[in-house]
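Good morning, and thank you for joining.

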Amino acid sequence: MSRTATPAEAHDADVFTDMLDSVDDLTDSAVRQIVSGEEDFAEIALPPQLLHDVVRANIEAILRVVSGETDVGVDAATWAGQVKAEYGVPVSGLLHGFRLGGLEIWEWAIARAADGEQASALLRRSSHFWGTLERFTTAAAEAYRHVTDDRAQREQASRRVALLAVLEGSAEDRGPNGVPAAGVPRALGLPERASYRVVVGEIGEHGTDPLPGVDTLLDNAHIRSAWTTELGERIGLVAAVSEADTEGALRMVERAATSRVGLSRPFTSLAAAPGAVKEARIAVRCVTAPAGIHRYGSAPIDEFVATHAESAGELTENVLAPLLTDEAGDAALLDTLHAWFAAGGSTAEAARQLHCHRNTVLYRMTRVAALTGRVPTRPVDAAELYVALRALRLGVNGE
């Protein structure tokens, strides 16, 4: 709702209204102040005419508001925020430009005040002027944020598509022999020459992140990575440019793990990424604890068992069936067999691990041989017992 201006406000309005006739000169002066006072404009290719037009539109709109017009919106400020965001001007440059422009308007108004009464009226109206400037600045900042947020979402979606294309082996940007061209690593924010690993984390029952904050940890250590979430998994492509980076990345992944996490072997060509995804998924199945990591290649038998789960499950049934009756004694036999293998066949070391007498271990091992028909000290029998036991520990079955 409009209201009748007081005499003092009318004096003030006359100053601002008169300034509308000189808006082009005021704009030129303000642009000079902005360019000389804000280095960001000199560093970024914002066309001079566009900058001039944006500044002019905002000066004219602000003058009309403080002159008493009630139907002036903040479209000019919104435009300014959008333009600065699209041309990559930092938000600090946007805000500083509005402050410099506002100061220039106010100084022109003071200089044009015809007498002391008019100058006093301007000072009384200062809160209205600076409040208007603040409203325009806020509108510009909000428009800037919308543009940058939309851009960030588009870039994130684009990186996700590019990452999935690499992991699935369907990247279109490929060079000779199917090797992805240099543009693919850049699109993912990764170095063009690096030692890559695929990381797969198993998302928890309630959708919990298996590697919370791992991307930030890596980024803070200047180790580049790209991540996505797919059907119960969080999948990452980690790039290390040195041996120290490789070890650092592995430590950070291990530190962040809250679920089962698998890592592929290192590779240098992104064309190998689909195979690395398979390795990392197999590695996940080799983690026997609720949380932990497994590096593919560190336990070949476990990886073989995880890869051939059906056959390994059948082997477990055939070899260990007499020990799978859920009786306490059978559980003790399985634990003893596991400790004996872990101790490298040392009865004394197995007894130490199990906190029992050496003769107890000997008795239990004799029972294992009698029930399974396989003597643990015989190489072929030991191989069957060990693989069957590993399949049991990894939870695979023949179904």
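**Strands and a helix pair**

Strands E2 and E3 form a hairpin with two residues between them, and leucine 231 in the turn has a positive phi of about 40 degrees. This is a predicted model, in which local features need pLDDT of at least 70, side-chain atom pairs count only at pLDDT 80 or more, and totals for chains, interfaces and linings use all residues. Residues are numbered from 1 along each chain as its sequence is written, and side-chain values use heavy atoms, with hydrogens and water left out. Helices (H or I, at least four residues) and strands (E, at least two) are DSSP runs, numbered from the N terminus.

E2 (residues 224–230) pairs with E3 in the antiparallel sense over seven bridges; pairing requires that DSSP find at least two bridges between the strands. Glutamate 230 stands opposite glutamate 233 in E3. On E1 (residues 195–202), which is antiparallel to E3 and joined to it by eight bridges, the partner of glutamate 233 is glutamate 202.

How many residues of E3 (residues 233–240) are buried? Eight of the eight are, so the strand is largely enclosed by the rest of the structure. Buried means under 20% relative accessible area, with a 1.4 Å probe and protein chains only.

I turn to the helices. H4 (residues 48–66) and H8 (residues 126–168) pack at an angle of about 140 degrees, with their axes 10 Å apart. Axes are lines fitted to C-alpha atoms, for helices over the stretch in contact, and angles run from 0 to 180 degrees between N-to-C directions.

Key. Buried means under 20% relative accessible area, exposed over 50%, partly exposed in between (1.4 Å probe, protein chains only).
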